[in-house]
Amino acid sequence: MADRERSSTRPKGRVFVARTQVMDRDEVRRALVRIAHEIVERNRGLEGVVVIGIQKGGVPLAEQLVAILREIEGTAVPFGTMDVAFYRDDIGMRPVLPEQATDLPFDLTGRTVVLFDDVLFTGRTVRAALDALAELGRASAVQLAVMVDRGHRELPIRPDFVGRNLPTRRDELVEVNEEGVTIGELLVPASEAAR
Amino acid sequence: MTASRTPTSSGVLSEHSWSDGDPEATGATGAGAGEEQFAGHSATTVRHLLSIADLGREGILEIMRLSDAFAEVAERPIPKVPALRGRTVATVFMEPSTRTRLSFETAAKRLSADVMTFTAATSAAVKGESLRDTVETIDAMGIDAMVIRHQASGAPLRVTDWVGASVINAGDGTHEHPTQALLDCYTIREALTTRRNGAVPPDLRGLRIAIVGDIKHSRVARSNVLAFTALGAEVVLVAPPTLMPVSLESWPVTTTGDLDSTLGDLDVVYLLRIQSERLGEVLLPSLDEYHWRYGLTRARAAALKKEALVMHPGPMIRGVEISPEVADLPASLVTRQVRNGVVVRMAVLFHLLGSGAI
């Protein structure tokens, strides 16, 4: 989601150009396994725990996490997805469009919510997610898991579970997908620049 | 941010980095992923919604996708999001309408916008104030969107010259009623999605839709012809000759005066209200005769395909366009249309005020 924050503010026509891969597929998987164990340890099991992926980068990772939790604890943790577009604080300042409707097939009240996003950056997406959660029910606790914490926080938000702490320049862009984690930047494609 | 980019002939990206940093950037690897990442952000930037033509096919589909997100909001215990907090939406209705105005106001409130209501009957318009003075006054109060209904075709377009707010046409004379067409497309799409076990159809291709009734005076028909055909549906207009528009050459539709002959191939029957207030007596011998020739009676409903859908923009006059018992059959989507009206209008307001169009 943090990627989207950057991508959506991008000047028109720019595209992501990968520069350095910082985690490969196996490293992402290992980080998820570690986070899964940390979640079990922190919550003394998985009683009442639900996992919510933030659209859209957090969703595939959260799905993997749920599968790993099932492997290590034998428990099917309830899984949902959340799109926080309508709770953002920059609506009207840049294009904001939801990726997909929020899908939470369970009641939040009394649950321990593990929010999962791919990249933690300014913290504004998480702020929006917390607002959305508060309207959807009263979770007993909310914990934040991210694959990459790239710094540059603008709000007092701290992750509970981190895949990799990754120092970045503010103008860089971090992309997380099934192939791994890549740092890159936004550039004008030649076809656009020629115009 | 202003560093120049050097284009390369191969269509690949330049080697210049984003700022004065690392010159190692290469174009080959990430471009595909980047494009995919931005795929959801086709920025159809319109500031006003006066006609379905303002949106085009891509714009309509974008409203459909956005409506899905708001449909989920509508199902929540608290069906409200803070997306347009601090924005003000004024509804300016110079013609009587309850459902469209309430639908827009509900939509605005569910987006946390503030709502100002102006209705002609209780306002300075009855004292002789001109439309221009009325809308300029409302605009001067500081609003972000003006939802306008007017008896004159083209009035909302004129209003765009006078106000700074986004203007949304909620029905102008016999011209257009774009949000009705959008909610109708959404309702059909929703019915198809349910039929296909949750698989959303890309558009309305392959559907044959009949619009039946007073085509000539119907802004709903005009907007729906544009919207249905933009999404690939085939449209047939069914009306007595007196209620058919004079010139139809540029319309991508077929026409017939015989409803019975077309019933068997229809996927959707869209019934229009007979607008008694716009009709001279001369156009129709009687409402009974209209019902006999063009009303959706039980016998006609039985001649439809099993999965055919029945729609009506309301207010529905039972016994004229539709028999009372048919209106309550499961094929009738009339109440879904009303429910989806709020959802689609949320999408329209958010599209114009929130998604970065301004």
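This is a predicted model: local features need pLDDT of at least 70, side-chain atom pairs count only at pLDDT 80 or more; totals for chains, interfaces and linings use all residues.
Chain B contains 11 helices and nine strands. Of its 358 residues, 43% are buried. If one takes the contacts in chain B with a separation of 6 or more, 71% of them are between residues 24 or more positions apart.

The chain is divided into two domains. Domain 1 of chain B is made of residues 52-176 together with 340-353, and domain 2 of chain B covers 178-337. Their centres, taken over C-alpha atoms, are separated by 25 Å. Domain 1 of chain B contributes 23 residues to the contact between them, and domain 2 of chain B contributes 23 residues as well.

Which elements give two or more residues to the side of domain 1 of chain B that touches domain 2 of chain B? They are α2 (56-74), β4 (166-172) and α11 (334-353) of chain B. The most comes from α2(B), which gives seven residues to this side. By class, the residues on this side of domain 1 of chain B are nine nonpolar, nine polar and five charged.

Let me now describe the sheet to which β4(B) belongs. Four strands of chain B form an open sheet in the order β2-β1-β3-β4, and the pairing is parallel. At its edges stand β2 (114-119) and β4 of chain B, each pairing on one side only. From one strand to the next, the twist averages 15°. Strand β3 (residues 145-150) of chain B is joined to β4(B) in the parallel sense by five bridges. To give one pair of residues, B:Met146 has B:Val167 in β4(B) as its bridge partner. Helix α11(B) packs on this sheet, where it touches β1 (88-93), β3 and β4 of chain B, and its direction makes about 150° with that of β4(B).

The axes of α6(B) and α11(B) come within 8 Å and cross at roughly 115°, and the crossing is right-handed. On the α6(B) side, the residues that meet α11(B) include B:Leu182, B:Leu183, B:Tyr186 and B:Glu190. Among those that α11(B) brings to the contact are B:Arg336, B:Asn340, B:Val344 and B:Val348. The contact of α6(B) with α11(B) has five nonpolar, five polar and four charged residues.

From α2(B) come B:Ile60, B:Ile63, B:Met64 and B:Ser67, and they are met by B:Leu182, B:Cys185, B:Tyr186 and B:Arg189 of α6(B). In the contact of α2(B) with α6(B), six residues are nonpolar, one is polar and one is charged.

I come now to strand β8 (residues 268-271) of chain B. Are its residues buried or exposed? B:Val268 and B:Tyr270 point one way from β8(B), B:Val269 and B:Leu271 point the other way, and all are buried. Strand β5 (residues 208-212) of chain B pairs with β8(B) in the parallel sense over four bridges; in this pairing B:Val268 is the bridge partner of B:Ile209. Strand β9 (residues 309-311) of chain B also runs parallel to β8(B), joined by three bridges, and B:Met311 in β9(B) stands opposite B:Tyr270.

Finally, chain A. Five of its strands form an open sheet with parallel pairing, in the order β3-β2-β4-β5-β6. Because β3 (79-82) and β6 (161-165) of chain A stand at the edges with a single partner strand each, one side of each is left without a neighbour in the sheet. Neighbouring strands are turned against each other by 25° on average, direction ignored. Strand β5 (residues 141-149) of chain A pairs with β6(A) in the parallel sense over four bridges, and A:Phe161 in β6(A) is the bridge partner of A:Ala145.

Two helices lie across these strands. Helix α2 (residues 25-42) of chain A lies across β2 (49-54), β4 (112-120), β5 and β6 of chain A, at about 150° to β6(A). Helix α3 (residues 58-73) of chain A lies across β2, β3, β4 and β5 of chain A, at about 155° to β2(A).

Thank you for your attention.

Technical notes. Residues are numbered from 1 along each chain as its sequence is written. Chains are lettered from A and ligands numbered from 1 in the order in which they are written. A residue is buried if 20 or more other C-beta atoms lie within 10 Å of its own, exposed if 12 or fewer, and partly exposed in between; C-beta atoms are placed from the backbone. Two strands pair if DSSP finds at least two bridges between them. Two residues are in contact if their C-beta atoms, placed from the backbone, lie within 7 Å. Domain bounds come from an automatic or database domain assignment. Ala, Val, Leu, Ile, Met, Phe, Trp, Tyr, Cys and Pro count as nonpolar, Asp, Glu, Lys and Arg as charged, and the others, Gly among them, as polar. Axes are lines fitted to C-alpha atoms, for helices over the stretch in contact, and angles run from 0 to 180 degrees between N-to-C directions. A crossing is left-handed if the near helix is turned anticlockwise from the far one by less than a right angle, and right-handed if clockwise.
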